[in-house]
Amino acid sequence: MPVSCNGDTRVGRTQTVLALESSCDDTAASIVRRNGSGKADVLASVVKNQDSLHAAFGGVVPEIAARAHAEILDYCVEEALEKARLSLSDMDAIAVTAGPGLIGGVVSGVMCAKGLALATGKPLYGINHLAGHALTPRLTDAVPYPYLMLLVSGGHCQFLSVEGPDDFKRLGGTIDDAPGEAFDKVARLLALPQPGGPSVEMAARSGDATRFSLPRPLLDRPGCDLSFSGLKTAVLRARDSLIETQGGLYEKDQHDLCASFQAAVVDVMAEKTRRALLLAPSATTLCVAGGVASNMSIRSKLETVSEQSGVHFTAPPLALCTDNAAMIGYAALERMERHPPDDLSLSARPRWPLDQHSPAMLGSGKKGAKA
């Protein structure tokens, strides 16, 4: 079933974009079309994950991810074209994630897109991966500007006031680990399978969230910045204490630790979201996107916060929460109306903040601001 956006009233010609995404460990290709009335449809979306390639290592190995992207990007493109029953000649533009992300994967996508653009003579658009997530509510629900976006994933977590297709104001974000990263690390600590988010969520369903008293970091400080590194460390200490006192870690311990950890994350994100809404009084909708948005406990709590704050709530379908190329295609459609295409000097960028005016968050790394 096509995903549609009916909110725009712009009148113009139909535009069709082939988009690629390879910023982490999902290889994706999609075809997105917007007709003259502004309605956008996802004609095809192909996503290939690399879970089996990284399972033995407890996390994503950048070199393995980059090689896998390079090997299957063309097959993803071919499959997307077949699903949409279109050819490259039917495309109006080629779009690709140009950052931020694991540099090897981003390079793989950018080089593939450059080759397609050169071979077909189609214009090339390099898209910020985070902008793709941030604009997804426009694709799925036609959310009007401005809105508050909680972008929460394995590598990113920030509150954004989305004022326009290229106008993002960061209100707060994580100063260390992103929530998805914390979920992955907790899963490794408890010997649960990767990716950690689904594993922790599943274990938490049968756990006691009140058994362990875990911290709610930064709730004693004003603002809506977040921190999850200390929470992860608290889980480590609780695990080690159990092993020392009872000689091992049992399944019930795993489930209770997961439930207690997830409850702490939910509490922190709920309170910080309330604060972010106060900083964005003109926003009438709270949107959440990114891989962690697929966690139903987090999603449910944020929906409650929205109701209490008197704003609408929206989250993309689960398939569009995690990395995908449909969001890149839609972001390109938005950009095509306002900016010229990139040329073949387009570079892959491991770091690319959406808000170009706010100072870098603490813990953003030696190479500069990540988001």
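The following dialogue goes through some labels used for this predicted model and the values behind them.

Tutor: This is a predicted model in which local features need pLDDT of at least 70 and side-chain atom pairs count only at pLDDT 80 or more, while totals for chains, interfaces and linings use all residues. Residues are numbered from 1 along each chain as its sequence is written, and side-chain values use heavy atoms, with hydrogens and water left out.

Student: What makes Lys83 and Glu79 a salt bridge?

Tutor: A salt bridge is a side-chain nitrogen of Lys or Arg within 4 Å of a carboxyl oxygen of Asp or Glu. The closest N and O atoms of Lys83 and Glu79 are 3.6 Å apart, so the pair meets that rule. The two are four residues apart in helix α2 (residues 62-84), and therefore separated by about one helical turn. Helices (H or I, at least four residues) and strands (E, at least two) are DSSP runs, numbered from the N terminus.

Student: How many salt bridges does this rule give?

Tutor: The count comes to 19.

Student: Why is Lys83 called partly exposed?

Tutor: Buried means under 20% relative accessible area, exposed over 50%, and partly exposed in between, with a 1.4 Å probe and protein chains only. Lys83 has a relative accessible area of 49%, so it falls in the middle class. Glu79, at 23%, is also partly exposed.

Student: What does the salt bridge between Arg138 and Glu334 tie together?

Tutor: The closest N and O atoms of Arg138 and Glu334 are 3.5 Å apart. Arg138 lies in helix α4 (residues 129-141) and Glu334 in helix α11 (residues 326-336), so the pair ties together parts that are 196 residues apart in sequence. Arg138 is buried at 6% relative accessibility, and Glu334 is buried at 1%.

Student: Which residues are linked with them in a network of salt bridges?

Tutor: The network links Arg34, Arg138, Glu334, Glu337 and Arg338. One of its contacts is Glu334 with Arg338, at 3.5 Å from N to O. Arg338 is partly exposed, with a relative accessible area of 37%.

Student: Why is the pair Tyr145 and Tyr147 called stacked?

Tutor: Rings of Phe, Tyr and Trp (its six-membered ring) pair if their centres lie within 6.5 Å; planes under 30 degrees apart count as stacked, over 60 as edge-to-face and the rest as tilted. By this rule there are two aromatic pairs. The rings of Tyr145 and Tyr147 have centres 5.9 Å apart and planes at 10 degrees, so the pair is stacked. Tyr145 is partly exposed at 25%, whereas Tyr147 is buried at 0%.

Student: What makes Phe183 and Phe261 edge-to-face?

Tutor: Their ring centres are 5.0 Å apart and the planes are at 75 degrees, so the pair is edge-to-face. Phe183 lies in helix α5 (residues 179-189) and Phe261 in helix α8 (residues 251-279), so the contact ties together parts that are 78 residues apart in sequence. Both residues are buried.

Student: How do you know that strand β6 is mostly covered?

Tutor: In β6 (residues 124-128), five of its five residues are buried. Leu124, Gly126 and Asn128 are on one side, with Tyr125 and Ile127 on the other.
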